[in-house]
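Please consider the sequence and the model shown here.

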Amino acid sequence: MNYTSTRDSALCTGASTAILTGIAPGGGLFVPQQFPQVDMREFYGLTYPQTAQKVLGMFLTDYDPDFLKTATEQTYSTENFGGKAGFAAHVAGNTYALELWHGPTCAFKDYALQLMPRLLVEAKKNLGETGVTKILVATSGDTGKAALAGYAGLPGIRIAVFYPNAGTSEVQRLQMATQEGDNVAVYAVNGNFDDAQTGVKRVFADEDLAQELAAKNEKLSSANSINWGRLVPQIVYYFYSYAQLAERGDIAPGAPVSFCVPTGNFGDILAGYYAKRMGLPVEKLICASNKNNVLTDFLTTGVYDARRTFYKTSSPSMDILVSSNLERLLYHVTQDAAAVAGWMRELAEHGHYTVPAEVLSAIRETFACGCANDAQVREEIRARYEADGYLCDTHTAVAFRVARQQAAGETPCVVLSTASPYKFPCDVLGALGADVPEDEFEAMRLLQEKTEVPAPASLAGLREKPVRFTQVVEKDGIRAAALAL
Ligand SMILES: *Cc1c(COP(=O)(O)O)cnc(C)c1O
C-alpha cells in the first residue's frame, strides 16, 4: 500500500515514511492511495488483536507481519484493556455504546496511542533511522495523556505535550502533570486548544529549527491525529464492534448499521469512513458536535467557517474549530489535491472556505450531523442513566443526543463512547442532579457511591501521585521547548 498527500497527488511513499514524518511536505496529510476491500465475513470470530492485525496488515504493508502480530497482541492485551477492547454494550432498543475507554488512560485515544509508539519505533527500524525522534503534541486533554503513556520510556524517542492552560478538566491536567519517565515533558500554553495546535504546527513548519535539530541527529514528529499511525488503529473497532453485534445476534450479518461519533478533530469518525470504504456495511456516519458546531454547519451548508466564537464546553476534547482530518475526507471525496490545497490555503489565510454543491452532496450520502449544547448534554446524561441505567461521560452524551435526533428509524446505531464518566466526574455528577463538590476526586467518590459504577483505579489513584510539571508557556514559547526537549 502506498500513500500520497492530500495536497500533492504526485507524492508516493510507504507507510513507514508516512508514520515517521507525520505530515507530508507542503503541509498535506498522508492518505492511502486505495481502500483495501474486505469481506465482512472474514472478521467473524476474531479476537480484538486478530482483527487489529488483519486491518493493520492491509495498510502497513512495509511492516513485518510478525511484528504486527506481537504489537497488537501486547497492545490490546487483557492486562492493558481489561479484557474489554472494543466492547459494545447494549444500551436500549437498537442503540449500543462502543465503550472505548477501558484502556490505561480511560479514553478512546488509547487505541491509537498505545500502538502508535511501537509503529514509530518500527518505522525507524524499517527506514534505518538512528537519530532521536522528538514528538510534539498539542492536546485538548485526552490525547496528551494517552500519548505520554504510550511513548514514556521508549528508546530514541522524546515527547513534549502542550495543553491549553485552564482548558482541561482537573483530572486530565493531573493525568498529564504526574506522568513518569525521563523522556517526557508537559507544558500549559496560554490560550485555547487551537492556539496550542497552531503553535505546534508552526514549529513543525519551521525550517531553521529542523536544520538546527538535524545537526544533532534529531527530528520532529507528531502524535496528533493527523498522523496516519493514529488513524489506522481506529478503523479496527468499527469492524470488531460490527462483528460482535452480528455474533451476538443483535443484528443480521450484513445488515446496515449507523455509527454516531462525538467529533472534534474528525479523526475517529474518519476511521469509520475508511471502514465503510473497505466494505463494512455502514448506513450513516453521524458527526456529533458540541456547541462548537463548525462541522454541523459545514456538513449542512458546505461552508467551513472557523471565524466564530470559541466556546469552552463540558466536552473539552471536542472544543475545536479547525478539524484537521476533514482535509482527508475532502481528498477522498474529490480526488483533487489542487482543490484541497486551495481550500486549506483559504482556511489558513481567511478562516473559511466553501466546497461546491456536488462535493457536499457526495459527503452527505455517508455523513449525517447534529450538535448538542451543555444543557442538552446534562439532560442526556440523566436520561440515559435514569431510563436505561447507562452512565456516560459528557462527550458520549453529545453523541447519544445527536443519535436520537439523527439516527434513521430501524437501523441499529452504535454510539462511540469515548471517555469514562469518571474523567469528568463533576459534570456527570451534576447532570444526575446531585450537589457537586469543588474537588474532582470527591466528585468521583460521590459518583461511585450514587451509581455503584466502579471508578477506574488509574483515575482514583491520581491524587496521591506527585505533580512533576507546572510550567506555563506562551504560544511563541513552543519552539524553545522543542529545542530544549
Ligand atoms: C479526542 C476525543 C474526541 C474527538 O475525537 P476526534 O478524533 O478528535 O474527532 C471525542 N471524545 C473524547 C473523549 C476525546 O478524547
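Asn217 is partly exposed, because its relative accessible area is 44%, where buried means under 20%, exposed means over 50% and partly exposed lies in between (1.4 Å probe, protein chains only). The residue sits in the loop between H10 and E9, and its phi is near 60°, a positive value in a residue other than glycine. Helices and strands here are DSSP runs numbered from the N terminus, a helix being H or I with at least four residues and a strand being E with at least two. Lys216 belongs to the loop between helix H10 (207–214) and strand E9 (218–222). With a relative accessible area of 45%, Lys216 is partly exposed. Between the C-alpha atoms of Lys216 and Ala397, which are 181 residues apart along the chain, the separation is 47 Å.

These values rest on a predicted model, in which local features need pLDDT of at least 70 and side-chain atom pairs count only at pLDDT 80 or more, while totals for chains, interfaces and linings use all residues. Residues are numbered from 1 along each chain as its sequence is written, and side-chain values use heavy atoms, with hydrogens and water left out.

A positive phi also occurs at Cys106, a residue other than glycine, where the angle is near 70°. Cys106 is placed in the loop between strand E5 (95–99) and helix H5 (110–113). What is the relative accessibility of Cys106? The value is 2%, so Cys106 counts as buried.

Lys109 likewise lies in the loop between E5 and H5. An unreviewed UniProt entry gives this lysine the annotation "modified residue: N6-(pyridoxal phosphate)lysine". UniProt positions are given in the numbering used here, feature names are shortened, and annotations may be inferred rather than shown by experiment. In the model Lys109 is buried, with a relative accessible area of 12%. Which residues does Lys109 contact, leaving aside neighbours within four places in sequence? They are Asp142, Thr143, Ala146, Arg230 and Ser317, contact being defined as heavy atoms within 4.5 Å.

The buried residues are Val171, Gln172, Leu174, Gln175, Met176 and Ala177.

Glu180 is located in the loop between H8 and E8. At 49% relative accessibility, Glu180 counts as partly exposed. Apart from neighbours within four places in sequence, Glu180 is in contact with Ala152, Lys465 and Arg468. The C-alpha atoms of Glu180 and Leu148 are separated by 8.6 Å, although these residues are 32 residues apart along the chain.

Another glutamate, Glu346, is found in helix H15 (residues 337–350). Its relative accessibility is 34%, so Glu346 counts as partly exposed. Not counting residues up to four places away in sequence, Glu346 touches Gly351, His352, Tyr353 and Thr354.

The unreviewed entry lists residues 2–76 as "domain: Threonine synthase N-terminal". That span is 40% helix and 16% strand, and its end C-alpha atoms lie 26 Å apart. The record also places "domain: Tryptophan synthase beta chain-like PALP" (unreviewed entry) at residues 89–354. Over residues 89–354 the chain is 44% helix and 21% strand, with the end C-alpha atoms 39 Å apart.

The protein chain as a whole has 22 helices and 16 strands. Its C-alpha atoms fill a box of roughly 60 × 50 × 45 Å along the principal axes. For 485 residues a compact globule would have a radius of gyration near 23 Å, and the 21 Å of the protein chain agrees with this; the radius is taken over C-alpha atoms, and the globule rule is 2.2 Å times the number of residues to the power 0.38. Buried residues make up 59% of the 485 residues. Of the contacts with a separation of 6 or more, 75% are accounted for by residues 24 or more positions apart.
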